[in-house]
Amino acid sequence: MQMRKLGKSGLEVSALGLGCMGLSYGYGPATETSQAIALIRTAVARGVTFFDTAEAYGPFANEELLGEALQPFRDKVVIATKFGFKGGKVEAGLDSRPANVKAVAEAALKRLKTDRIDLFYQHRVDPDVPVEETAGAVKDLIQAGKVLHFGMSEAGAQTIRRAHAVQPVTALQSEYSLWWREPEQEILPTLEELGIGFVPFSPLGKGFLTGAITESTTFDASDFRNIVPRLIQRTQIQSDPRRSAWRDRRNEESDAGADRVGLAARAEAVDRTDPRHHQAAPARGKSRRGGGDAVGRGSHCNCRGAVQGRSAGRPLSCASPGASRPLSCGVNAR
């Protein structure tokens with residue numbers, strides 16, 4: 001397994017990681033506990049060291065699952081979790097007040113059966129709490145040894161800069177895929193400038209870019225893909241003959257390095273996901289506080305990979321040769 005360092009932080013993770021949300025939440029019924037634990041431990045056996053969860057996944061159930069599954073390997077893995085919703089419930093709204101940030105950390109430590117959180121993300125920017133206050137709360141947790149690294153998700157460039165000035169940000173997790181390339185405009189250059197790692201999620205578009213989903217595909221009633229307009233529209237175009245031709249070509253090439261070809265074809269860009277976090281959000285470009293950043297939308301999903309290297313005018317590409325300023329990142333491979 002290849003390894004990556006997230007930005008200049010020194011935090012080293014496997015090039016492929018596992019986002020565990022879908023085992024408990026968002027993609028239909030939860031996986032049976034013993035099967036989920038077996039899957040997570042198989043990932044460890046195959047060299048995965050980067051595991052992602054959040055208090056909102058369940059809520060709480062996914063952290064508990066991960067804590068049980070990874071307890072025997074705790075010193076060999078990196079665990080990332082997230083804070084930022086009232087009571088861990090997405091529908092209850094955002095809450096990144098310092099008191100809540102610290103309370104979530106204490107509860108997450110217990111659910112994860114650990115004495116430290118390797119990477120603690122702000123799940124979504126809270127427009128009602130200055131990001132400096134949130135970053136300061138995480139800084140306190142880092143000084144106390146309860147958190148090792150600070151991360152953000154779906155934050156705009158100016159918000160990232162403001163937070164980074166208080167507590168260095170190790171990684172940003174945001175959507176980036178063949179059908180969502182907005183980070184190329186401002187986010188990726190900002191991360192490169194500041195030395196922050198990039199963790200895109202869902203480079204395969206919640207499964208829609210795999211070729212396995214067709215116009216006749218149906219999802220369980222509890223699968224969040226049933227209610228996201230962008231994904232509903234994508235389902236309706238899965239029968240496009242160009243997609244069929246692409247699938248045929250991919251199948252023909254499978255014996256000649258499918259993994260490499262697939263990444264080259266699909267990871268010219270990368271992606272992000274996270275179920276019920278698809279509620280309406282402010283238009284990108286301005287926050288509700290007028291700070292110049294949009295409050296991020298979107299979500300998070302299963303299975304990360306890594307992409308490294310960004311050349312002028314091009315998105316991140318896998319093992320990009322000759323990249324002048326490599327940018328480490330984890331990629332969510334769902």
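Me: How many aromatic pairs does the count come to?
Reply: The count comes to six aromatic pairs. Please bear in mind that this is a predicted model.

Me: What form does the pair of tryptophan 179 and phenylalanine 208 take?
Reply: Tryptophan 179 and phenylalanine 208 form a tilted pair, with 5.9 Å from centre to centre and 50 degrees between the planes.

Me: Which parts does that pair tie together?
Reply: Tryptophan 179 belongs to the loop between strand E8 (169–175) and helix H6 (187–194), and phenylalanine 208 to the loop between strand E9 (197–201) and helix H7 (229–236), so the pair connects parts that are 29 residues apart in sequence.

Me: Is tryptophan 179 buried or exposed?
Reply: Tryptophan 179 counts as buried because its relative accessibility is 12%, and the cut-off for buried is under 20%. Phenylalanine 208 also counts as buried, at 0% relative accessibility.

Me: Which residues do ring pairs link into a cluster?
Reply: The cluster consists of Trp179, Phe208 and Phe219, linked by ring pairs.

Me: Moving to charges, how many salt bridges are there?
Reply: The count comes to 13 salt bridges. One of them joins aspartate 52 to lysine 82, whose closest N and O atoms are 2.5 Å apart. Aspartate 52 is in strand E4 (residues 50–52) and lysine 82 in strand E5 (residues 78–83), so this bridge ties together parts 30 residues apart in sequence.

Me: Are aspartate 52 and lysine 82 buried or exposed?
Reply: Both aspartate 52 and lysine 82 are buried.

Me: And where do glutamate 106 and lysine 146 lie?
Reply: The side chains of glutamate 106 and lysine 146 meet in a salt bridge at 2.3 Å, N to O. Glutamate 106 lies in helix H3 (residues 98–111), while lysine 146 lies in the loop between helix H4 (131–143) and strand E7 (150–153), so the pair ties together parts 40 residues apart in sequence. Glutamate 106 counts as partly exposed at 32% relative accessibility, and lysine 146 counts as partly exposed at 28%.

Me: What does glutamate 193 form a salt bridge with?
Reply: Its partner is arginine 161, with the closest N and O atoms 2.7 Å apart. Glutamate 193 is in helix H6 and arginine 161 in helix H5 (residues 157–166), so parts 32 residues apart in sequence are tied together.

Me: Changing topic, which residues form a nonpolar patch on the surface?
Reply: Met1, Met3 and Leu16 form the patch, and together they have about 270 Å² of accessible area. Leucine 16 sits in the loop between strand E2 (12–14) and strand E3 (17–19), and counts as partly exposed at 44% relative accessibility.

Methods. Residues numbered from 1 in each chain as written. Predicted model: local features only at pLDDT ≥ 70, side-chain atom pairs only at ≥ 80, totals over all residues. Heavy atoms only, no water. Patch = residues over 30% accessible without salt bridge, like charges linked within 9 Å, V, L, I, M, F, W, Y side chains within 5 Å. Areas by Shrake-Rupley, 256 points an atom, 1.4 Å probe, with all protein chains shown as cover. Salt bridge = Lys/Arg side-chain N within 4 Å of Asp/Glu carboxyl O. Helix = DSSP H or I, 4+ residues; strand = E, 2+ residues; numbered from the N terminus. Buried < 20%, exposed > 50% of the residue type's maximum accessible area, 1.4 Å probe, protein only. Phe/Tyr/Trp six-rings, centres within 6.5 Å; stacked < 30°, edge-to-face > 60°.
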